[in-house]
Every structure is written in structure tokens, then in C-alpha cells.
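Let's take a friendly walk through this structure, from its pockets to its cores and strands. Here it is to look at as you read.

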Amino acid sequence: MLGFLRSRGGLQGLLRAKAGEIARASLIFAIVAASAAAFAFAAGVLDPSRLTPTKLVDALEGHDGLHPGFRRAHAKGVCFTGRFEASGAGARLSRASVFARGEVPVVGRFSTGGGMPYAPDGRVALRSMALSFSLPNGEQWRTAMNHIPVFPVATPAAFLDFQRATSPVAATGKPDAARVEGFLAAHPETRAFMARLRDGDLPSSFANGTYHSVNAFRFTGGAGPARDVRWSMVPEAPLEALDKGTLASSPPSFLFEEVVARLARGPLRWRMRVTLAAPGDPTGDATREWPHDREQVEVGALVVERAATEEAGPCRDITFDPLILPAGIEPSDDPLLSARSSAYAVSLTRRAGEGPTPSALSRGPAEEGARR
């Protein structure tokens, strides 16, 4: 199913473009370095006993193992390209050029949750969409979204504790049940998230899932005052929920093969909806949803046109840093934003040093073992 994506021409084109990608990566590093410094100051991480981005990435590696060349989270993914068609309706909310009526090119990635690149798709896991918009005047906007609108924890420290509590122990190869229960007892918001993931609908395809920004942001420079917002990508394809009883018998990469097959038949579309916070709605806690009656503004459509495995596509060396924002979009007071940004920088540095790795969709786990 994925064979047509792995042509030598696509790979050679990617290699010819590598010099430009390295230059862009240098710019990304400069941006995220400033964010990492701000996170370090805010969290007190100059004290070696305190939380650091390195500790966050170490915890991810301890949880799912080290897989050289792959992302430390959302390791299994496929690239796509397309465009964003702005209706102009967002211009009253933000001066960001992405919302001016017209089109901008987009590079994105579909992925499943977790740091194991060869994990089977037949499991209860997040479906995610990440986007990089190339805007006029050289601006970039990056966003990474999940099919569940909330996050399992509210703070970077809780995320670190969660990873450590649920990591396998050497004696059994499984998490320590008592330690997991102790964490969940102290974090009912995490227990609620896990129940929602376990019991809620799992989209049968990347194509029919709704993807949420999870974190809050602030739109500025529009026709009125600055507004706190979240956004979502709502598919034109109707939601079909998977029968979870069939997951164990499903092909190992059925989600990715299915979306590639859909794109071979034609483009896929999502409508972007911006949700406006009301006074008192929490902006610094990604575990809490806003009421469903909040005003929403449809600002345009995402059109996904083509897919490519990561060694042949343009997304492999992009870090979908949520603090790479254009003028007119600002971060909220959510502490996860700076933590994500700085941890993504550490992850990118590590995998860049490990060298390029073929996509998990191009190679099986036996080949990964032989490489080590």
C-alpha cells in the first residue's frame, strides 16, 4: 500500500533539499532556545534538582525505550502536504496573516501517541495531527493537535511524574501497579483522561477525526480586544468509530495505510473552528474543557492533498513547536507550552545527532533491532 511513496526520486529530492532544511532547522533552534531559556527561568530549572527539559525527554525514553532517529513522542507517523484556505472570518479576531482571505501551503503529519515507532495501530492510543503553515514574509505557524480536547496533566512536573510512574520496571517489564495507582489517586484529572481515552470513540481513520489544540492561546490585533482561544480541525468526513474488539486482530499499520489509500483517491478536508473563551474560562490548565456553548468562528479549511513516508516527505525534520507563532497569535499562561517547546528542542537535537532513520512504515521492527 505504501510502496508508491518510497520511490528513489522522492528520496533523492529530499536529499537535494537537505541543505535548505538544515538552514531552516538552525532558525528553529534559535527560536526554541529562547523559549527554553524562558522555561528554565520560570520553572527554576537552573537548580539541578529541579525540572528540566532534559529530564522530560529522559523520562520519555525511559517510558518507551530509546529508538535512535525517531521522535521521543508520537514516534510513528506519516507526512502530508496541502494548503489552508482562509475565509477571512478570522481577521476580526487576529491580525495573523494566516487568517487573511487566501491560501497558504501546509506541511503536516499524522501520528499515533507514544514513543515506540513500531507499535501496532491496533491499540487504544491518541490520533494526532500536526501542522506547519508557511506564511507570507517568512513567518511560520506550528501546531500539534490531538483527537481528545484535553491533556492528561496540567503541569510539566506532573507530566514528569506521570511518565516515571507508568514506566516499566526491570523485574517485570511492566509499570508498578501500586505506583501507578498512587499517581492516579493524586491526579484525578489523569484518571479521567485515561477513562475518556479507553471508553470514548476511537476514530476509524485519521481522515474522520476531529483534532484539538488542547492548550489555549491568545489572538491579538483583530477588530476587537485580544481574545483567549482554542481551535479544532473538524473533518468533512463523517466520524466512524472503531470496534475496539477488533483492534488486536487489525493489521499493524492499518490506520496509516488507510489514510494513504484515501488520499490516493482525492484530497481530504477539515474546517478550522476557533472557540472563544468567556471570562473565567481556564487558560492555564489543559486538563479542563471550556463549556460547549462558547462562541465558535469558522475561519477556513485545511485541504490535505498528498502523503509521503518520512524519509521521502517534508515533515521528518520539522519540530511542531507550539511556540512558533506568527504575529497576532500569542501563548497563554499554560505552563505546558514552554515545557513542550523546550522538550521538543532537546528531542530534535538528539535525533538529529543520531542520523536520519527510515520511516517506521518503510521498515519492520526486526530491522530496527538489527540496526542497534
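## A pocket and a cavity

On a 1 Å grid over the protein atoms alone, a pocket is an open set of points with protein on both sides within 12 Å along at least five of seven lines, a cavity is a set where a 1.4 Å probe fits but cannot get out, and lining residues have an atom within 4 Å of a point. Everything here comes from a predicted model, in which local features need pLDDT of at least 70 and side-chain atom pairs count only at pLDDT 80 or more, while totals for chains, interfaces and linings use all residues. Residues are numbered from 1 along each chain as its sequence is written, and side-chain values use heavy atoms, with hydrogens and water left out.

The second largest pocket has 27 lining residues, and Pro149, Arg196, Thr210, His212 and Glu289 lie nearest its centre. Its volume is about 660 Å³ (the space filled by probe spheres set on the points, with grid points joined across faces, edges and corners). Elements giving two or more residues to this lining are α6 (188–199), β7 and β8 (268–276), and β7 supplies the largest share, five residues. Helices (H or I, at least four residues) and strands (E, at least two) are DSSP runs, numbered from the N terminus. By class, the lining holds eleven nonpolar, eleven polar and five charged residues; Ala, Val, Leu, Ile, Met, Phe, Trp, Tyr, Cys and Pro count as nonpolar, Asp, Glu, Lys and Arg as charged, and the others, Gly among them, as polar.

There are also three cavities of 30 Å³ or more. The largest cavity has about 60 Å³ of space, and its lining includes Arg71, Arg109, Glu310, Arg316 and Arg351. Five charged residues, two nonpolar and two polar make up that lining.

## The nonpolar cores

The protein chain has nine helices and ten strands. Of its 372 residues, 52% are buried (under 20% relative accessible area, with exposed over 50% and partly exposed in between, using a 1.4 Å probe and protein chains only). In soluble globular proteins, nonpolar side chains tend to be buried together.

A nonpolar core is a set of buried Ala, Val, Leu, Ile, Met, Phe, Trp, Tyr and Cys residues joined through side-chain atoms within 4.5 Å. The largest one has 48 residues, among which Met129, Phe133, Trp141 and Met233 touch the most other members. Helix α7 (residues 254–265) gives the most to this core, with six residues. A second, separate core of 21 residues includes Leu160, Phe162, Phe183 and Ala286.

Beyond four places away in sequence, Met129 touches residues including Phe80, Phe110, Met233 and Trp270, where contact means heavy atoms within 4.5 Å.

## Strand β2 and its partners

Strand β2 (residues 102–112) is largely enclosed by the rest of the structure, because eight of its eleven residues are buried. Strand β1 (residues 77–86) pairs with β2 in the antiparallel sense over ten bridges, and Phe84 has Val104 in β2 as its bridge partner. Two strands pair if DSSP finds at least two bridges between them.

β2 also pairs with strand β3 (residues 127–134), again antiparallel, over seven bridges. Here Val106 has Phe133 in β3 as its bridge partner.

## Proline 252

Where does proline 252 sit? Pro252 lies in the loop between β7 (227–235) and α7. Pro252 is exposed, with a relative accessible area of 54%.
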